[in-house]
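Let's read a structure together, one feature at a time. Have it open beside you as we talk.

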Amino acid sequence: MSGFRIQVINPNTSVEMTRTIGEAARAVAMPGTEILAVCPTQGGESIEGHFDEAIAAVGVLEQIKRGQAQGVDGHIIACFGDPGLLAARELAKGPVIGIAEAAMHMATLVATRFSVVTTLPRTVIIARHLLRQYGFEHHCAALHAIDLPVLALEDGTGLAQQKVRERCIQAKNEDNSGAIVLGCGGMANLARELTAELGIPVIDGVTAAVKMVESLLSLGLGTSKHGDLAYPNKKPLTGCFEMLS
C-alpha cells in the first residue's frame, strides 16, 4: 500500500536539524509515502530538559493541528523526549509515534539488551524516566552521554558525530549490548553507517518511527478515540492557546 502522508515534527526551531530529520525519514519511507518535515516557528532551538520539553509540547500540538487540517495520515514527534506525545494522540485521528518509544520498541525486537547514546548528562536522566514509563527499563543495559549540546550535531565540525561513534563502540564493548539506540533526532543520519561499522543494530528513532507509522496505516490502525485518548473536551482556550481550540 502506498500514498501515505506522514508529518515528521521536529519540536525545536532548528531548520537545519529539521532538514536532517526529513532526509533520514525520506531515505526509509516506502515509495509513494510523502514525508512532511516541519518545525514550530516559536520555542527553543534545542530541547535539553523538562523546561524545554514543556515549551516544545505546545509547538508540537500546533503542528499536529496543522497536519490534521492538511489531511496527513500520521505523525512523528522527532525529539527523544517525546514531548507532548499523549496530548498529541488526543488531537490526532491517525497514529502518533515518538522517536524514543519507537527506537526502544525496535531495539527489543532485535536484541535482549540495548544501550542508549544521547547528548547531555541531564538527558540521560530523562531517557531513564522514559524507559520506566514505556516498560523497557529491564531491557536497557546502560545510558551514555557525549556531553555536548544538541546543536553540536549541526555545527559542521564533526566533533559530535565522532563522540557518538566513540560512545557507541564503548557501549558495545563494555555493556555487552546487542543493540544501541541513538538518543537524539539530530543523530538520525548516523545509524546506518554505525550499524555497518559496529556489526550490531544501531537504531535511530526517526527512521524507526517512519516504519511504525507506515505499518499501522497499512493495517488500517489509528489512535483509539475511546478512553483517555478521545478527542479533548471542547472548551474555550484563550491567549496564545486559541489556535488549539
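**Reading the features**

A: Asp 147 lies in the loop between β6 (140-145) and α6 (159-175); helices (H or I, at least four residues) and strands (E, at least two) are DSSP runs, numbered from the N terminus. We're looking at a predicted model, where local features need pLDDT of at least 70 and side-chain atom pairs count only at pLDDT 80 or more, while totals for chains, interfaces and linings use all residues. Residues are numbered from 1 along each chain as its sequence is written, and side-chain values use heavy atoms, with hydrogens and water left out.

Q: Is Asp 82 buried or exposed?

A: First the scale: buried means under 20% relative accessible area, exposed over 50%, and partly exposed in between (1.4 Å probe, protein chains only). Asp 82 has 5% relative accessibility, so it counts as buried.

Q: How many disulfides does the structure hold?

A: In general, a disulfide is a covalent bond between the sulfur atoms of two cysteines. Here the test is a pair of cysteine sulfur atoms within 2.5 Å, and the structure holds 0 disulfides. For Cys 39, the nearest cysteine sulfur is that of Cys 79, 13 Å away. For Cys 140, the nearest cysteine sulfur is that of Cys 168, 13 Å away. Cys 39 is buried, with a relative accessible area of 18%, and Cys 140 is buried at 13%.

Q: What does Thr 18 contact?

A: Contact means heavy atoms within 4.5 Å. Leaving aside neighbours within four places in sequence, Thr 18 is in contact with Asn 10, Ala 37, Val 38 and Cys 39. Thr 18 sits in helix α1 (residues 15-28) and is buried, with a relative accessible area of 7%.

Q: And where is Ser 115?

A: In strand β5 (residues 114-118). Ser 115 is buried, with a relative accessible area of 0%. Not counting residues up to four places away in sequence, Ser 115 touches several residues, among them Ala 141, His 144, Asp 175 and Ser 177.

Q: How do the axes of α4 and α8 cross?

A: Axes are lines fitted to C-alpha atoms, for helices over the stretch in contact, and angles run from 0 to 180 degrees between N-to-C directions. The axes of α4 (residues 99-110) and α8 (residues 205-218) come within 8 Å and cross at roughly 85 degrees. That makes α4 roughly perpendicular to α8 (under 35 degrees is roughly parallel, over 145 roughly antiparallel, 65 to 115 roughly perpendicular and the rest oblique). The contact includes Ala 102 and Met 106 of α4, and Val 206 and Met 212 of α8.

Q: Which residues have the most contacts inside the largest nonpolar core?

A: A nonpolar core is a set of buried Ala, Val, Leu, Ile, Met, Phe, Trp, Tyr and Cys residues joined through side-chain atoms within 4.5 Å. The largest has 73 residues, and those with the most contacts inside it are Met 104, Phe 114, Val 164 and Leu 182. Helix α8 gives the most to this core, with 7 residues. Beyond neighbours within four places in sequence, Val 164 is in contact with residues including Val 117, Ile 146, Leu 182 and Met 187.
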